[in-house]
Amino acid sequence: MTKVTLFEVGPRDGLQNEAHPLGPDDRVSLIKRLAHAGMPYVEAGSFVSPKWVPQMADTDRVPRVRRRA
C-alpha cells in the first residue's frame, strides 16, 4: 500500500501572490479553516525578508495551529 501525505502550502506560497498582505489574525483564521477542513499539515509562512516578500511579514506572529484528532 502506498502512503500519501498532503501538505497545504497556500498560506505560504499562495499568499505571496496577493497584492495586499493578510495580517497575522487573518492568516491564522485561514490556517484554522484549512485544518478544520481536514488538511493534516499546513505551512503557515516563510521566514524571508519583508523587503523582498512583504506578504510574509509577521510570520513569526502566526502561531502553530494544531488540528484536533
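User: What counts as a salt bridge?

Analyst: A salt bridge is a side-chain nitrogen of Lys or Arg within 4 Å of a carboxyl oxygen of Asp or Glu. In this predicted model, local features need pLDDT of at least 70 and side-chain atom pairs pLDDT 80 or more, while totals for chains, interfaces and linings use all residues. Residues are numbered from 1 along each chain as its sequence is written, and side-chain values use heavy atoms, leaving out hydrogens and water.

User: How many salt bridges does the rule give?

Analyst: The count is 3. Start with R12 and D13. Their side chains meet at 2.6 Å, N to O. R12 also forms a salt bridge with E43, and there the closest N and O atoms are 2.1 Å apart.

User: Which parts of the chain does the pair R12 and E43 tie together?

Analyst: Helices are DSSP runs of H or I with at least four residues, numbered from the N terminus. R12 lies in the segment before helix 1 and E43 in the segment after helix 1, so the pair ties together parts that are 31 residues apart in sequence. Helix 1 itself covers 24-36.

User: Where is the other salt bridge?

Analyst: Look at D58 and R61. Their side chains meet at 3.8 Å, N to O. As for R12, D13 and E43, salt bridges that share partners join these residues into one network.

User: Are these residues buried or exposed?

Analyst: D13 has 33%, so D13 is partly exposed. E43 is partly exposed too, at 29%. D58 is partly exposed at 34%. R61 is exposed, at 53%.

User: How many aromatic pairs are there?

Analyst: Rings of Phe, Tyr and Trp (its six-membered ring) pair if their centres lie within 6.5 Å; planes under 30 degrees apart are stacked, over 60 edge-to-face, and the rest tilted. The structure holds 1 aromatic pair. F7 and Y41 are stacked, 4.8 Å centre to centre with 25° between the planes. F7 sits before helix 1 and Y41 after helix 1, so the pair ties together parts 34 residues apart in sequence. F7 is partly exposed at 48%. Y41 is partly exposed at 43%.

User: What does T59 touch?

Analyst: Contact means heavy atoms within 4.5 Å. Not counting residues up to four places away in sequence, T59 touches R27, G45, S46 and F47. T59 lies in the segment after helix 1. Its relative accessibility is 7%, so T59 counts as buried.

How values were computed
Helices (H or I, at least four residues) and strands (E, at least two) are DSSP runs, numbered from the N terminus. Buried means under 20% relative accessible area, exposed over 50%, partly exposed in between (1.4 Å probe, protein chains only).
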